[in-house]
Amino acid sequence: MARRAEPPDGGWGWMVVLSAFFQSALVFGVLRSFGVFFVEFVAAFEEQAARVSWIASIGIAVQQFGSPIGSALSTKLGPRPVVMTGGILAALGMLLASFATSLTHLYLSIGLLSGSGWALTFTPTLACLSRYFSRRRSLAMGLALTGVGLSSFAFAPLFQWLISKYAWRGALLLVSALSLHLMACGALLRPLSLTEDTSVGGPGAQLTSLLHHGPFLRYTVALTLINTGYFIPYVHLVAHLQDLGWDPLPAAFLLSVAAISDLVGRVASGWLGDAVPGPVARLLMLWTTLTGVSLALFPVAQAPTTLVVLAVAYGFTSGALTPVAFSVLPELVGTARIYCGLGLVQMIESIGGLLGAPLSGYLRDVTGNYMASFMVAGAFLLAGSGVLITLPHFFSCISASTSRPQDLVIEAPETKIPLPKEEGLGED
């Protein structure tokens, strides 16, 4: 493929958006809907719920902590073979899980093996998408990430029907076949070569420069704080509503209302991120602040109408911050470093995601209600929005360049890769 001076902002990039849409559905849609297997595992293995909960937790942790590996491999080999390999691993993990005779087998198959496959798919796909777009990057991200919400609605009842029809082992076999479609998603990722790529060096040189890059480090801290409080409603909102006297079904329905609002927020934010002048970080700070405020107001609200309004507000703003969060990173580190940068961010911010829910549960145990849990969660998001203000050009009226990194450490000349005389990638 011929080397391009800047992202094409369309063309085959829309096929990459389609790939990212289905990939996000097959990774996080499956993870969000995996709770329907929870009761089956508890009954089949006669284990405590806490031990069964580790299956999904291990899978999420491996996916996030393994993201830098997927990023480094994509830098060396390109995203296509990496994502296709990840699809095989994800499907193989589900296949082996259908033959499990103990929870340890599920830890290793779903948690470790499928989690490794997810680590090789999600980050490389979004990084490849970022390289194809500049002016319309936020919109492309918003469209791609709607796959998570839509699949959450589709997969939960689908998985429940499969379990009732074929039992949990047969259902896992079919989920394995579904996960194998990640190979098709990977096949759509056509590698894109940019002139900027020749000056950033290999993964080691990129990692060194990012660890000395002040704006990148501050942005990583901001996302870690945001991630700490972001998922609290998905874990504890239903329990909080039941403490208020709600029945389980209406409480679960309110979470579905938030999910619908989340979908609308992702698309609307993606459009606004490209249409509103100024740096995308400013829009991210706005959505983060509104999400934090809505979280802090949950324990104060008592009336059902007020709680519904807050659920809609939280769903919209929390969904809106997701696409712009991924769009800010290329502005900071440049498209050439996006694979390494996104993988490193995913790994570090996972700390917040892993600590947020246990901290919220601990506060519930200490205080006897969820008031402190939701207020502390909102405080974490407000703290993250405060860190975002320190990013370069935050108060500028002109958008930062999406193809040139900001305040980067320049590598020594020996780390630069010379431009080859003939491109070896061939025609795609």
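Visitor: Which residues touch the most other members in the largest nonpolar core?

Guide: Bearing in mind that this is a predicted model, the largest nonpolar core has 68 residues, and those that touch the most other members are Leu 126, Leu 129, Tyr 219, Leu 284, Phe 298, Val 328 and Leu 329. Helix 15, which covers residues 304-333, gives the most to this core, with 13 residues.

Visitor: And what does Leu 126 touch?

Guide: Leaving out residues up to four places away in sequence, Leu 126 touches Ala 20, Met 141, Leu 145, Phe 326 and Leu 342. Apart from that core lies another one, of 30 residues, which includes Val 27, Ala 97, Phe 155 and Leu 172.

Visitor: Changing topic, at what angle do the axes of helix 7 and helix 8 cross?

Guide: The axes of helix 7 (residues 122-132) and helix 8 (residues 137-179) cross at roughly 150° and come within 10 Å, which makes helix 7 roughly antiparallel to helix 8. Their crossing is right-handed.

Visitor: Which residues meet there?

Guide: From helix 7, Phe 122, Leu 126, Leu 129 and Ser 130 meet Arg 137, Ala 140, Met 141, Ala 144 and Leu 145 of helix 8. By class, this contact has seven nonpolar residues, one polar and one charged.

Visitor: How about helix 5 and helix 8, what is the angle there?

Guide: Helix 5 (residues 79-97) packs with helix 8 at about 170°, their axes being 8 Å apart, and the two are therefore roughly antiparallel to each other.

Definitions and conventions: Residues are numbered from 1 along each chain as its sequence is written. This is a predicted model: local features need pLDDT of at least 70, side-chain atom pairs count only at pLDDT 80 or more; totals for chains, interfaces and linings use all residues. Side-chain values use heavy atoms; hydrogens and water are left out. Axes are lines fitted to C-alpha atoms, for helices over the stretch in contact, and angles run from 0 to 180 degrees between N-to-C directions. Helices (H or I, at least four residues) and strands (E, at least two) are DSSP runs, numbered from the N terminus. Angles under 35 degrees count as roughly parallel, over 145 as roughly antiparallel, 65 to 115 as roughly perpendicular and the rest as oblique. A crossing is left-handed if the near helix is turned anticlockwise from the far one by less than a right angle, and right-handed if clockwise. Contact means heavy atoms within 4.5 Å. Ala, Val, Leu, Ile, Met, Phe, Trp, Tyr, Cys and Pro count as nonpolar, Asp, Glu, Lys and Arg as charged, and the others, Gly among them, as polar. A nonpolar core is a set of buried Ala, Val, Leu, Ile, Met, Phe, Trp, Tyr and Cys residues joined through side-chain atoms within 4.5 Å. Buried means under 20% relative accessible area, exposed over 50%, partly exposed in between (1.4 Å probe, protein chains only).
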